[in-house]
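Biologist: I am new to this structure and would like to go through it in questions. Please show it first.

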Amino acid sequence: MSYLRGMVVQLNTGLGRHSGTDDPIYVGVDGTGGGREFPLDVRGFDDFERRSRVKYCLGEVWESDAAAGAKSPSKSRGDWNDPALFYIEFEKIDRLYLRKHAGRRRADDDAYELDEVEVTLYGEPPKKRAFRCGTAIWLGIEYGMQVWIPEVEPGALTPSLRT
């Protein structure tokens with residue numbers, strides 16, 4: 001049995017005038033072997049601004065090239081944003097999603113345009129899995145707060161997403 005050890009998330013924000021958001025964004029993994037959400041937020045950095053292309057690295061990533069230039073999301077109360085701490089069975093992950101948080105009212109929502117997202121999950125070497133959504137989509141109260149990201153072959157990842 002292998003567990004999720006780490007992940008690399010490449011998140012590209014849309015180009016439109018109001019594409020960015022100040023609301024929190026999370027990446028989540030789920031399956032019959034457990035699941036968890038992880039916040040994508042770098043302290044002191046404007047993460048989800050219009051036209052931004054940000055790479056995040058969480059936990060143990062055994063491919064140093066994949067983690068090059070990546071930001072580490074803020075850690076609160078120790079290292080609780082590390083996927084390896086939660087014993088999520090790597091092979092049993094069957095859903096991966098991106099979720100934006102918002103207030104209860106439409107007036108409290110700062111909608112977000114996701115341009116592209118690519119997530120690579122890392123188990124024990126050499127196990128890895130890739131998920132990608134290359135379709136621009138808005139996240140917000142009036143659009144929906146989550147998008148489920150389909151799995152793709154690791155070699156099928158788009159070079160344009162790499163920074």
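Modeller: Buried means under 20% relative accessible area and exposed over 50%, with partly exposed in between (1.4 Å probe, protein chains only). This is a predicted model, where local features need pLDDT of at least 70, side-chain atom pairs count only at pLDDT 80 or more, and totals for chains, interfaces and linings use all residues. Residues are numbered from 1 along each chain as its sequence is written, and side-chain values use heavy atoms, leaving out hydrogens and water.

Biologist: Is C57 buried or exposed?

Modeller: The cut-off for buried is under 20% relative accessible area. C57 has a relative accessible area of 15%, so C57 is buried.

Biologist: How many disulfides are there?

Modeller: A disulfide is counted when two cysteine sulfur atoms lie within 2.5 Å. C133, at 11% relative accessibility, counts as buried. By the sulfur distance rule, the number of disulfides is 0.

Biologist: What pattern does the protein chain follow along the sequence?

Modeller: Helices (H or I, at least four residues) and strands (E, at least two) are DSSP runs, numbered from the N terminus. The protein chain has 1 helix and 10 strands. Read along the sequence, the pattern is β-β-β-β-α-β-β-β-β-β-β.

Biologist: Which parts of the chain does the pair of F48 and Y112 tie together?

Modeller: Rings of Phe, Tyr and Trp (its six-membered ring) pair if their centres lie within 6.5 Å; planes under 30 degrees apart count as stacked, over 60 as edge-to-face and the rest as tilted. The whole structure holds 6 aromatic pairs, and F48 with Y112 is an edge-to-face one, at 6.1 Å centre to centre and 75 degrees between the planes. The two residues are 64 apart in sequence, so the pair ties together the loop between β3 (36–39) and β4 (53–59), where F48 lies, and strand β6 (residues 112–122).

Biologist: Is W62 buried or partly exposed?

Modeller: W62 forms an edge-to-face aromatic pair with Y122, with 5.1 Å centre to centre and 90 degrees between the planes. W62 is in the loop between β4 and α1 and Y122 in strand β6, 60 residues apart. Y122 is buried at a relative accessible area of 1%. W62 has a relative accessible area of 32%, so W62 is partly exposed.

Biologist: Which residue has its backbone oxygen 3.1 Å from a polar atom of the side chain of N81?

Modeller: N81 lies in the loop between α1 (64–67) and β5 (93–100). N81 is buried, because its relative accessible area is 10%. The backbone oxygen 3.1 Å from its side chain's polar atom belongs to P39.

Terms used: A polar contact is a pair of N or O atoms within 3.5 Å; within protein, one must be able to donate a hydrogen and the other to accept it, and residues adjacent in sequence count only if both atoms are side-chain atoms.
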